[in-house]
Amino acid sequence: MIDGIILASGFSERMGKNKLLLSLGSDTVVEKVIIAAIASGLNKIILVCRDERLMEIGKSLGVKPVMNKNAILGQAESVKLGVAASEADGYLFLAADQPYITPGFIDLLIEKHMETGKGIIAPVLRNKIKMPILFSKSYREDLLRVQGEHGGFEIIEGNPEDIELVEVENERLVADVDTLDDYRWLMANGGELL
C-alpha cells in the first residue's frame with residue numbers, strides 16, 4: 001500500500017496569487033492533481049495545505065486534508081505532516097502544481113517500486129529529478145526529520161544505491177505552474193494526455 005501525499009502548502013510567490021486555484025479546463029490546478037491521484041492505484045490520498053479553500057476542495061473530493069500551520073518553514077513541514085498522517089508501506093509525494101500528472105504515470109512509479117525493490121523511485125527529465133517521488137516506509141524516520149525547503153532531496157542525495165530513476169518521455173507529465181508564463185504554456189498545450 002502506497003499513500004499519495006499532495007504537497008499544497010506553498011505561497012505561490014512567483015505567481016502573485018494562489019496558483020493551485022487557477023482554472024485549467026473545468027477544474028482547478030489542484031483538482032486535476034487530486035483527481036489523477038484518486039484514479040491511480042494509490043491507497044489513501046492526503047492533501048497537505050495551508051488554505052481553507054484547499055481544505056474544502058480536498059473534503060469535497062473525498063481525500064484527507066491536513067492543515068499545515070507552519071508552511072512558512074518550508075516544504076519539509078508538509079512532508080512531515082503527510083508522513084505522520086500515513087500508515088502505509090510507502091509514500092508518493094505529489095506536487096499540487098503539476099496538473100497534467102496522470103494516473104498511469106503514478107501507477108508506473110508504484111510498479112517500478114514493486115519490480116525493483118528500490119526504496120526511492122523518482123522521475124528524471126533532462127538529468128533533473130522531478131516530482132512525484134516515492135519513498136518506502138524504510139525512510140519514514142528520515143522523512144519525519146527533514147527541514148527547510150528541500151523536503152526529501154537530502155535523503156535522495158544520501159542514498160544513491162537505493163534509487164530507481166524513471167525517464168520522463170512527455171514533459172507535460174511533470175510540468176509545474178510557478179509563473180504566469182508556465183500557466184500560459186500549460187493552457188496553450190492543454191488537452192488530455194493518452
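Let me start with Leu24, which sits in strand β2, residues 23-24. Keep in mind that this is a predicted model. Is Leu24 buried or exposed? Its relative accessible area is 2%, and buried means under 20%, so Leu24 is buried. Along the chain, Leu24 and Tyr183 are 159 residues apart, yet in space their C-alpha atoms are 8.8 Å apart.

Next, a pair of strands. Strand β4, residues 45-49, and strand β5, residues 64-67, run parallel and are joined by four bridges. Within this pair, Val48 stands opposite Val66 in β5. Helix α2, residues 52-60, belongs here too: with β4 and β5 it makes a right-handed β-α-β unit.

Asp162 is in the loop between α6, residues 153-158, and β10. Asp176 is in the loop between β10, residues 163-167, and α7, residues 180-188.

Take Asp162. Which side chain of opposite charge is nearest to it? That is Lys118, 5.4 Å away. A salt bridge needs a distance within 4 Å, and Asp162, although buried, has none. What Asp162 does have is a polar contact, side chain to side chain, with Tyr139 at 2.5 Å. Beyond its neighbours within four places in sequence, Asp162 is in contact with Gly117, Lys118, Gly119, Ile120 and Tyr139.

Asp176, for its part, has a relative accessibility of 27%.

Technical notes:
Residues are numbered from 1 along each chain as its sequence is written. This is a predicted model: local features need pLDDT of at least 70, side-chain atom pairs count only at pLDDT 80 or more; totals for chains, interfaces and linings use all residues. Side-chain values use heavy atoms; hydrogens and water are left out. Helices (H or I, at least four residues) and strands (E, at least two) are DSSP runs, numbered from the N terminus. Buried means under 20% relative accessible area, exposed over 50%, partly exposed in between (1.4 Å probe, protein chains only). Two strands pair if DSSP finds at least two bridges between them. A crossover is right-handed if, with the strands pointing away from the viewer, the path from the first strand over the helix to the second runs clockwise. Lys and Arg count as positive and Asp and Glu as negative; His and the chain ends are not counted. A polar contact is a pair of N or O atoms within 3.5 Å; within protein, one must be able to donate a hydrogen and the other to accept it, and residues adjacent in sequence count only if both atoms are side-chain atoms. Contact means heavy atoms within 4.5 Å.
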